[in-house]
Amino acid sequence: RLDVTEIFHGILFPGHLHTQDSLQLALKFLFQDTDVLIVSYPKSGTTWMQEIVTLISNRGDPHQSQTIPNWTRAPWLEQYYCADLLKTSTSAPRVLTTHLPHSLLGPALQSSKARIIYVSRNPKDVLVSFYHFHKMANFLPDAGSFPEFLKQFLDGTLHFGSWFDHIKGWTSQAAALNLLHVTYEEMSLDLHGTINRVSSFLQRPLLEHELNDCVKHCSFSSMKDNKMINYTLIPDEILDHSKGCFMRKGVIGDWKNMFTEEQNRNFDSVFKFKMQDCTLKFEALP
Ligand code: PPS
């Protein structure tokens, strides 16, 4: 199903992992108040947060994160294997991941106390990371030229839908949800402080040496070498490792190496227009 795209409520999803049934099931998912749900638009730091949550649950011990793939320990709710996996899973609390927008998943979460960690990243870096990922992912359409890709990002027509709708949808509902918003930039600039904040939110306080172990095992260099997270377990037909690397650069501001000044101006003006109804405070994008 590598060449199949599922269109669900107007949003495109890769068909090798999503079916109409799996997407429909996600919308009716019965959340438990103890669940931890990592929510993100792709390329925002999802894998990093999956790793942080796993390490916190294990008080910094990397055994689980070095022996179980991230998609098994924190499965994507909307992907076809999730339901079966959860039937046999004994992990408590359950850790789930989703890229779905709030417009789709909100009803299932209504009055739920599940802990939601929303991860966002500077959209210019999201776009650049996603562009490079398209080149290696055989389950995504051809990336095309960078200007074409940029236009699709701004139009919200890429797989997984609009970045703008995603962030506005989730963050505007934060008060009604048990939601912690964490940015990729915070993780990058203060990993120790961010892990501390996430562990408090999860009510899993850590001793200082446990926190330091978490920091060590979820650094970019540790994660890049961990095959349970770096996606090298995925065969070349699906993810062509000769064309790129999932753990690519892991930095803030790589967009500056791709955007022309004109593209940047255009991005900023679309951003301003589309985010005018957003309650989040954005400093100038780094
Ligand atoms: S996905 O496909 O949606 O699950 O991708 P996602 O995990 O959200 O994002 C992948 C990008 O996150 C970077 N990454 C990290 N950066 C810094 N430190 C750590 N530990 C880390 N782990 C993952 C990864 O390199 C991708 O970003 P780019 O800019 O492409 O390098």
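The following is a set of questions and answers on how terms apply to this predicted model.

Author: Residues are numbered from 1 along each chain as its sequence is written. In this predicted model, local features need pLDDT of at least 70 and side-chain atom pairs count only at pLDDT 80 or more, while totals for chains, interfaces and linings use all residues.

Reader: What makes the radius of gyration of the chain agree with that of a compact globule?

Author: The radius is taken over C-alpha atoms, and the globule rule is 2.2 Å times the number of residues to the power 0.38. For 286 residues the rule gives a value near 19 Å and the chain has 18 Å, so the two agree. Along the principal axes, the C-alpha atoms fill a box of roughly 50 × 40 × 40 Å.

Reader: How many helices and strands does the chain have?

Author: There are 14 helices and 6 strands; both are DSSP runs numbered from the N terminus, helices being H or I with at least four residues and strands E with at least two.

Reader: Why are β4 and β6 called edge strands?

Author: The open sheet has 4 strands in the order β4-β3-β5-β6. β4 (95-98) and β6 (178-183) each pair on one side only.

Reader: Which residues make the contact of α2 with α11?

Author: Residues are in contact if their C-beta atoms, placed from the backbone, lie within 7 Å. Ile52, Val53 and Ile56 of α2 meet Ile195, Val198 and Ser199 of α11. By class this contact has 5 nonpolar, 1 polar and no charged residues. Ala, Val, Leu, Ile, Met, Phe, Trp, Tyr, Cys and Pro count as nonpolar, Asp, Glu, Lys and Arg as charged, and the others, Gly among them, as polar.

Reader: What is the handedness of the crossing of α2 and α11?

Author: The crossing is right-handed. That term applies if the near helix is turned clockwise from the far one by less than a right angle, and left-handed if anticlockwise.

Reader: Which residues come nearest to the ligand?

Author: A residue is near a molecule if its C-beta atom, placed from the backbone, lies within 6 Å of it. Of the 20 residues around the ligand, Thr46, Thr47, Ser129, Arg248 and Gly250 come nearest. The shell divides into 6 nonpolar, 9 polar and 5 charged residues.

Technical notes. Contact = placed C-beta atoms within 7 Å. Pairing = 2+ DSSP bridges.
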